[in-house]
Amino acid sequence: MTTNEMERILQQHGEWLHSGNGGARAILIDADLRGLDLRAADLRNADLRGANLSDTDLSSANLSGANLSQANLYGSNLESALLTEADLSEADLRRANLSGTDLSHVEAWRANLKGSRVDPADLHTLLGCEMP
């Protein structure tokens with residue numbers, strides 16, 4: 001997907017989020033979004049199932065409530081992103097940067113976090129356990 005196409009989708013998604021009448025929800029199922037610069041993008045409640053987001057910059061993005069199940073986030077930068085109530089079931093987060101990411105109430109069943117960078121407190125939140 002080109003940067004211009006993604007900007008158009010983000011604009012329509014923003015209208016959908018804020019107006020309730022106009023715009024269109026971002027439905028990017030199985031989309032190839034590799035390497036895009038999506039810093040601070042508002043993708044709340046977007047459908048990104050199976051999307052390829054490897055090496056994508058999603059730092060400070062709002063992905064609250066987004067469906068990222070089976071998404072490829074290998075090597076992506078999610079630093080300081082909001083993932084509250086997102087679905088990361090079976091997502092590939094290997095080598096992703098999750099530093100400072102809000103992982104509260106995330107569904108992460110069978111997500112692969114091998115080699116990812118995540119703060120210990122955030123990992124405990126993700127796993128639903130308390131810090132020692």
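For a chain of 132 residues, a compact globule would have a radius of gyration near 14 Å, and the chain agrees with that, coming in at 14 Å. The model behind these values is a predicted one. Laid out along the principal axes, the C-alpha atoms take up a box of roughly 50 × 25 × 20 Å.

Helix H1 covers 3–19 and helix H2 covers 120–127, with a loop between them. Of the contacts in the chain with a separation of 6 or more, 10% link residues 24 or more positions apart.

Buried residues account for 42% of the 132 in the chain.

Ser64 lies in the stretch between helix H1 and helix H2. Ser64 counts as buried because its relative accessible area is 18%, and the cut-off for buried is under 20%. The side chain of Ser64 makes a polar contact of 2.9 Å with the side chain of Asn62. Once neighbours within four places in sequence are set aside, Ser64 still touches Arg44 and Asn45 on one side of the numbering, and Leu82, Leu83 and Thr84 on the other.

Definitions and conventions
Residues numbered from 1 in each chain as written. Predicted model: local features only at pLDDT ≥ 70, side-chain atom pairs only at ≥ 80, totals over all residues. Heavy atoms only, no water. Rg over C-alpha atoms; globule rule 2.2 N^0.38 Å. Buried < 20%, exposed > 50% of the residue type's maximum accessible area, 1.4 Å probe, protein only. Contact = heavy atoms within 4.5 Å. Helix = DSSP H or I, 4+ residues; strand = E, 2+ residues; numbered from the N terminus. Polar contact = N/O pair within 3.5 Å; in protein donor to acceptor, adjacent residues only side chain to side chain.
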